[in-house]
Amino acid sequence: MVAVIGLGNMGMAMLGRLLATGHQPRAWDLDPAKRDAARQAGAAIGADIADNVADPTIFSLPHDAAVAEVLDHVLPALPRGAAIIDTSTLSPRAVRGFAEQAAARGVFYLDAPVSGGPGGAAAGSMAMMVGGDAAALERATPLLKHLTARLLHIGPSGAGQVAKLVNNLLVASHLVTAGEALRLGAAAGVAPEALLPVLNGASGRSAVTEVNWPRWIIPGSFDSGFSAGLMRKDVGLALELARELDVPLEATGRAAALWQELRAAVPDDADFNRLSAALFTGAKP
């Protein structure tokens with residue numbers, strides 16, 4: 001048995017993947033419409049959140065406060081030895097506290113943020129970077145293999161979040177630099193459609209040039225399922241971690257600042273790829 005709590009874009013995609021691979025998951029979300037959609041898809045929906053736990057229980061929640069609130073309801077309902085697989089992107093400091101709170105109840109809490117977006121979740125091709133108890137992860141691995149193509153144990157509690165924040169700080173920076181560099185090429189008479197095959201066959205490539213620009217930016221679909229607001233949250237967590245550790249971020253810090261400065265041009269509810277497109281067209285803070 002498995003449960004999914006939090007049925008946003010990622011949670012619903014993971015739920016669909018579990019159903020497609022023969023599982024019969026329980027599911028819960030505060031939004032009745034999302035609960036109805038999960039029920040229609042085939043998930044079991046109990047009367048309240050405490051009726052929708054299992055071993056393991058997967059979280060897909062927006063921020064630290066949401067996880068703290070859900071834990072208060074879920075931990076008393078879970079048996080000793082059960083595991084929580086939290087795929088949310090959170091503060092490393094916060095998840096260490098969540099792990100201690102769970103351990104006091106005899107429950108394993110694994111911080112397990114993911115990369116790959118809703119499409120990767122639906123296809124089972126995500127990368128999952130995990131912090132926490134290795135034995136608990138090993139027990140959950142047969143199930144998680146249905147959701148992930150790369151399941152990586154990074155280290156103790158909080159390590160998964162550190163890996164995710166470093167990853168997303170780089171993605172946010174690559175979106176900035178790719179937008180500016182491709183604008184330079186276009187100004188010199190070489191369009192992105194001509195430049196990208198060169199970059200992606202040379203050392204300037206990144207996931208942004210290999211995936212984001214060809215898939216979402218050039219076609220203008222902007223339907224990745226990941227919002228600019230979520231990227232701003234993740235970048236903010238990375239900057240918070242840098243301040244805590246007194247680590248200066250010169251280049252990535254400037255890229256992070258642009259995400260805030262371009263909020264008017266790329267609001268929080270816009271697809272996150274629009275920031276790179278805005279820089280390409282010459283948007284200014």
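This is a predicted model: local features need pLDDT of at least 70, side-chain atom pairs count only at pLDDT 80 or more; totals for chains, interfaces and linings use all residues.
Local features here need pLDDT of at least 70 and side-chain atom pairs count only at pLDDT 80 or more, while totals for chains, interfaces and linings use all residues, and side-chain values use heavy atoms, with hydrogens and water left out.

**Stop 1: H7 and H10.** Select residues 159–187 for helix H7 and 228–245 for helix H10; helices are DSSP runs (H or I, at least four residues) numbered from the N terminus. Their axes, which are lines fitted to C-alpha atoms over the stretch in contact, come within 9 Å and cross at roughly 115°; angles run from 0 to 180 degrees between N-to-C directions.

**Stop 2: H11.** Next, select residues 251–261, helix H11. Which of its residues are buried (under 20% relative accessible area, 1.4 Å probe, protein chains only)? They are Thr-252, Gly-253, Ala-255, Ala-256, Leu-258 and Trp-259. Their cover includes H7, H10 and helix H12 (274–280).

**Stop 3: H8 and H9.** Finally, pick 192–200 for H8 and 207–217 for H9, whose axes lie 10 Å apart at an angle of about 155°. That angle makes H8 roughly antiparallel to H9 (over 145 degrees). Look for Pro-192, Leu-196, Leu-199 and Asn-200 on H8, which meet Thr-209, Glu-210, Trp-213 and Pro-214 on H9.

Definitions and conventions. Residues are numbered from 1 along each chain as its sequence is written. Helices (H or I, at least four residues) and strands (E, at least two) are DSSP runs, numbered from the N terminus. Buried means under 20% relative accessible area, exposed over 50%, partly exposed in between (1.4 Å probe, protein chains only). Contact means heavy atoms within 4.5 Å. Angles under 35 degrees count as roughly parallel, over 145 as roughly antiparallel, 65 to 115 as roughly perpendicular and the rest as oblique.
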